Amino acid sequence: MDGPTPAVAVTVRDLSVRFGSTQALDAVSLSLLEGEVHGLVGENGAGKSTLGKVVGGLYQPDSGELEVFGRAVHRWDTRRAQDAGVVIIAQELCLVPALTVAENVFLGRERRTFGVLHGDLRARYRELEEICGFGLPADAPVHTLPIADQQKVEIMRALARDARVIVMDEPTSSLTADESERLHEIMRWLRERGTTVVYVTHFLDDVLANCDRVTVMRDGRVIRTAPAAQETKAGLVEAMLGEPVDMLLPDRPPAPPPDTPPVAEMHDVRGGAVRGVSLRVRPGEIVGLAGLVGSGRTEIARALFGCDPVESGEVLFRGEPVTGASPRASIARGMAMIPEDRRAQGLVLLRPVLENVTLPHLGRFSRAGVLSRGGERAAVRELVERLGVRPAALDGDVSVYSGGNQQKVLFAKWLLGRPELLILDEPTRGVDVGAKSRIYQLIVEIAAAGTGILLISSELEEVAGLSHRIHLVRGGTVIGEVPGPGASVDGLLQRLFEVEPPPATEGTP
Ligand SMILES: Nc1ncnc2c1ncn2[C@@H]1O[C@H](COP(=O)(O)OP(=O)(O)OP(=O)(O)O)[C@@H](O)[C@H]1O
Ligand SMILES: [Mg+2]
């Protein structure tokens, strides 16, 4: 940053927050400048969201000082924060489900004392829409929108509040690549107007490309703040974990012999967005689905798992045609699916970890009518340790776990059933680098133990690095297959973006 020293928007000094035995923030000091995009990175549970919530007035610190635009603040809550222009878009969204998009965008706005033209909210909405280009239905109740769209409502609301400081806590975790790029544009636009953006994310490439400065946190402490231009991905990872890590993918397990009968098959399956899909997964085989967002990968998985009806074609499990498919029946048959939209379908937040993990498997632990408490605890403990869930306690409510750790609990829930077919839809989204490599290792181990895996990921290096075979998916159908070994991200992208092949001309030799 050249020119005069930019003014400081927010300063925190020696800020500490404790939850029971967890020191979520430990004497954190940091300054946020006007007109900067400030990246905040760290492992799951490092304290990023807690810091954001203190700045946004949602949490009170136990000790330490907070200064906003040059003024020490002593009493701080969301109302005061908002009046000072400080807004947080929390990881767990905070909308009124029954109100419309526009109503949510302007929620709380009426109480502002300046600059509001009451009759002009429509025009103001159009103005915001112009900036964001999200194309949301202004009059639809928010609960009818998918999570990704709800996230956009939160972003519009922050803009509508003319915030001078916006904390965005993992805002892109459920956005598509295009939408994320759009959000990055919005961040640049905000920066030009002198707004401070705090960008919390696990996508380190995005941090390096879009932030002016980056702060790394670990175990509730700030490790360092530096200009993004001086950081590298490997350097950030090392600072986050406290040790250098091997970001390489583990070796693929040996592929099953080609004549192994498949555990699951789809034959020309059609229904909804699925337009004629054939594929098979053998025991111990990792089959990747590579496609762009919206290509129908999730829909294929849902059809296989029995979430959506199959109109024609056939699904076979262990060689038997599947009839009366439903997720419940699929689980009973020995399938498991970790869905993409984990926030909506997955955890019972107010229950302990142990219960969340064992919920679908009660039958297994109560064989012969006796609930084997000891066996249950031991099995869950082992998984919790393998996945590195933190805190590793089994009895704490999942609601206070950091976003990434909730995800690991969900993983444990499905792995406990030792499924024969495991469908993974974006298994590493929102988890930190350390957990990512543990999840890769786990996928490889599960396959090596004989489970067939269908792997969907927008991170093509995962698909290329882990799969034995990769199906290329476009427009709800499989347009080709490539062997996993030797596949590259560039090669896959090229195939996926290829123009439609011309219709086969007759008469060619
Ligand atoms: N309301 C709460 N009650 C109890 N413990 C909490 C609460 N909020 C956070 N914690 C704990 O504080 C620590 C820091 O959590 P925080 O949510 O700030 O992490 P994070 O860096 O945002 O992680 P993630 O990347 O997974 O979102 C964690 O150990 C978490 O379990
Ligand atoms: Mg968080």
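A residue is taken to be near a molecule or strand if one of its heavy atoms lies within 4 Å of it. In this predicted model, local features need pLDDT of at least 70 and side-chain atom pairs count only at pLDDT 80 or more, whereas totals for chains, interfaces and linings use all residues. Residues are numbered from 1 along each chain as its sequence is written, chains are lettered from A and ligands numbered from 1 in the order in which they are written, and side-chain values use heavy atoms, with hydrogens and water left out.

Ligand 1 has 21 residues around it, of which G45, K48, S49, T50 and S402 come nearest. By class, this shell comprises seven nonpolar, 11 polar and three charged residues (Ala, Val, Leu, Ile, Met, Phe, Trp, Tyr, Cys and Pro count as nonpolar, Asp, Glu, Lys and Arg as charged, and the others, Gly among them, as polar). At least two shell residues are supplied by each of β2 (22–33), α1 and α14 (403–415), and the largest share, three residues, comes from α1. Helices (H or I, at least four residues) and strands (E, at least two) are DSSP runs, numbered from the N terminus.

Polar contacts were defined as pairs of N or O atoms within 3.5 Å; within protein, one atom must be able to donate a hydrogen and the other to accept it, and residues adjacent in sequence count only if both atoms are side-chain atoms. An oxygen atom of ligand 1 lies 2.9 Å from an N or O atom in the side chain of N44. Polar backbone atoms also take part: that of A46 is 3.2 Å from an oxygen atom of the ligand, and that of G47 is 2.9 Å from one. Of the 640 Å² of accessible area that ligand 1 has on its own, the protein covers 87% (Shrake-Rupley method, 1.4 Å probe; for residues, only the protein chains shown count as cover).

Q406 is located in helix α14. Q406 is buried, with a relative accessible area of 18% (buried, under 20%; exposed, over 50%; partly exposed, in between; 1.4 Å probe, protein chains only). Polar atoms of the Q406 side chain lie 3.1 Å from the backbone oxygen of V398 and 3.3 Å from the backbone oxygen of Y401.

Elsewhere, the charged end of R164 sits over the ring of F69, 3.6 Å from its centre (criterion: NZ of Lys or CZ of Arg within 6 Å of the ring centre and within 35 degrees of the ring normal).
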